[in-house]
Amino acid sequence: MTRSFIVSACVTDADLAVPELARPVIAAAEAAGLDLLMLGRAGARPFDAQVLAAWAAPLTSRTAIVATVPASNAHPFHVARALSAVDFLADGRTGWSVIAEDAEPGAAADMVRAARALWDGWGADTLVIDKESGVYLNPDQVVRPNYRGPFFDTAGPVNAMRPLQGQPVLVLDEAAPIGIDDADVVLVDAPDAAAESARRLLKIAPGAEVDSAALAASFDTGEIDGVHFMLTESAAALPAAIAAIGALLADRPGTVPAITGTLRERLGLALPQTASTQAKGAFVPEYVA
Amino acid sequence: MSKQIHLWAFLQGIGFFPTGWRHPRARPEGVFSMEYYARVAKMAEDACFDAIVFGDQLQSRGAGGRTPGRLAMPTLDPVSLLMAMAAVTERVGLVATVSTTYNTPEMLAERFAAMDRISGGRAGWNIVTTAHPDTAPNFGEAELPPKDQRYRNAVDVVAKACELWAAMDRAGPALPQGRPVLVQAGQSPEGRDFAARTAEAIFCPAANIEAGIDFRNDMRHRIAGVGGNPDGVRVMPGLSCVLGGTEEEARTNHAAILDMGDVPLAIEYLSESLCCDLTAYDPDAAIPVDDILAKTLLPPADVAKSVRPAAEKGTPLGDFAANFMRHPRGHNVFIGTGEQMAEMMIEWRDSGACDGFTLQPSYMPGGLEDFAEQVVPVLQKRGRLRTEYPGTTLRETLGLPARLKVEA
């Protein structure tokens with residue numbers, strides 16, 4: 001099977017919180033065919049990315065938004081609910097990236113484990129919604145996780161469904177480790193053979209030259225699965241910078257990831273085994289207006 | 001100019017009636033779909049509602065650790081739903097219910113600053129202190145803090161959040177409204193005092209016009225008493241409705257909604273309301289008062305008040321539950337024609353019973369559709385409801401200064 005080459009970028013300008021400036025950036029990401037657009041990164045989180053991710057949901061149909069989530073200034077119960085809602089609104093195109101920010105060591109990993117436990121409290125086939133019989137859901141599929149960690153205790157069940165993807169795609173930066181070794185996507189500093197099953201995206205520093213031949217070679221040997229551009233442009237300059245990425249990768253190696261389906265499906269990512277005995281995301285009966 | 005009626009749309013879940021999700025014109029699958037939220041947000045904006053409001057809970061539905069199978073759930077995060085709606089609308093306000101007990105001022109300030117910026121100044125915060133005992137274990141605590149402590153904390157949290165917003169506004173990008181509109185819904189004396197000091201808009205239940213007048217007068221008195229301007233605060237009692245082309249048709253429609261309830265659903269609803277799982281009891285037997293009072297997580301004296309009179313009459317559990325479910329949450333439920341409803345709303349407004357209403361559609365989206373089609377045009381024709389928005393921010397829509405002056 002031909003592997004697909006993943007294109008990602010992160011943006012960090014505080015002015016992205018202004019809709020007139022954010023809309024062209026989202027539109028540029030869609031037009032350029034970015035697979036992931038990460039809002040903020042470790043060391044730069046100038047806005048509440050969960051709020052912006054929700055706002056961006058109806059404005060995207062291909063690009064998945066990755067929200068940076070701080071381990072301080074957040075609680076897993078709130079995070080689990082917010083990202084569950086965003087994942088439904090975005091048709092299963094949601095990612096998250098937990099960053100330590102000013103939190104104590106271990107808090108970020110605890111955040112990840114607690115949120116996963118809450119999502120896993122809801123079975124994939126919980127919803128029934130049968131008007132005729134009056135059965136809304138199957139209570140046997142809802143369990144109380146009673147998560148207890150070094151920083152967060154949360155009993156649950158969370159009053160949010162299991163997300164459409166089961167869990168949003170977790171993106172972590174190798175250079176800012178949080179003590180979680182089963183991320184779905186890892187941002188790496190150099191191409192390197194790796195045993196883990198995560199998709200590895202090579203970070204491209206701001207303004208760095210892109211050597212397409214070298215990228216293709218690293219991709220072909222399986223050292224990387226794609227690229228991640230660290231964009232430091234102002235919000236106003238971002239659409240042009242994102243368009244330039246699109247042009248640069250017009251002849252990307254491998255195949256372009258499918259543009260339909262959930263992000264997990266498109267990237268071929270299974271749910272992390274440590275967190276769940278369930279292989280699937282939530283089933284929701286179809287909405288017909 | 002005749003008194004304008006403010007309208008807020010309370011769109012949490014699938015509607016006011018616990019049975020509503022089973023209605024043929026309800027779309028319970030919609031609560032997981034962007035298409036549904038886009039549709040209802042545009043419906044509210046086309047009808048010139050001031051704002052869309054989502055309530056919130058920080059615990060799963062149910063009682064005694066049992067998840068109900070017949071109640072519509074879960075409750076998706078209101079901030080996320082409202083912000084997705086912000087992207088597909090331009091003027092309607094977006095009011096999220098968020099707890100001061102289980103968020104820090106820093107978390108709240110960051111969240112609402114982002115909401116106000118990305119919505120272009122349409123954010124409102126319905127400030128709650130969280131009263132459900134099942135919430136505490138979700139945040140690593142055995143019990144809720146006592147009510148007086150929760151309210152004292154809320155005062156501090158709001159003050160600190162306001163300081164943070166002022167700093168964020170100075171640092172930029174500017175907060176379009178200076179800070180979100182502050183909304184409150186407290187009923188107790190503590191809640192009312194807090195609202196008088198803090199709120200720019202107030203929700204309340206008011207089952208009839210007298211209750212509305214009493215509440216609004218009491219709030220205006222309290223607001224003036226703490227040096228505030230009573231005319232700067234909008235009092236917005238809850239209002240649900242079932243409409244029909246004739247009164248008789250409306251009554252038939254109401255009966256149809258109630259008839260979708262069955263005893264197992266009613267018992268789940270009662271269990272949740274009393275914080276005590278009653279699903280294992282025989283619905284044909286007497287109300288198990290002693291067990292309820294022993295097991296409930298609510299103050300037993302409050303629970304006793306609601307169950308004792310029926311128990312003393314010998315009402316079976318199932319009948320009690322079915323009757324309980326027919327009158328949800330003490331709000332005014334109007335049953336009649338669109339014309340009659342508009343008349344009633346004007347009477348409330350002119351009698352000083354409210355500044356407007358928080359519409360709680362009987363089921364979604366059919367109940368909102370009916371109101372928008374049958375009542376909104378009548379109010380507009382009578383010059384009581386705007387036909388376009390006066391500005392861009394929620395403050396302007398509410399007739400408040402467009403932007404709060406930020407203290408230097």
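Buried area is the accessible area, taken with a 1.4 Å probe, that two parts lose on being put together, summed over both. The model is predicted, with local features needing pLDDT of at least 70 and side-chain atom pairs pLDDT 80 or more, while totals for chains, interfaces and linings use all residues. Residues are numbered from 1 along each chain as written, chains are lettered from A in written order, and side-chain values use heavy atoms, without hydrogens and water.

**View 1. The interface of chain B and chain A.** About 4900 Å² is buried between the two chains, and carbon and sulfur atoms give 61% of this area. Glu29(B), Phe32(B) and Ile118(B) supply 14% of what chain B buries against chain A, more than any other three residues. In contact (heavy atoms within 4.5 Å) are 60 residues of chain B and 58 residues of chain A.

**View 2. A salt bridge between Arg81(A) and Asp56(B).** The closest N and O atoms of this pair are 2.7 Å apart. Between chain B and chain A the count is three salt bridges, each a side-chain nitrogen of Lys or Arg within 4 Å of a carboxyl oxygen of Asp or Glu. On the side of chain B that touches chain A, the elements giving two or more residues are α1 (34–46), α2 (78–87) and α3 (105–118) of chain B; helices are DSSP runs (H or I) of at least four residues, numbered from the N terminus.

**View 3. Residues at the centre of the second largest pocket.** Of the 21 lining residues, Arg179(B), Arg197(B), Thr198(B), Ala199(B) and Glu200(B) lie nearest the centre. Helices α4 (147–171) and α5 (189–198) of chain B each give two or more residues to the lining. A pocket is an open set of points on a 1 Å grid over the protein atoms alone where a 1.4 Å probe fits, with protein on both sides within 12 Å along at least five of seven lines; lining residues have an atom within 4 Å of a point.
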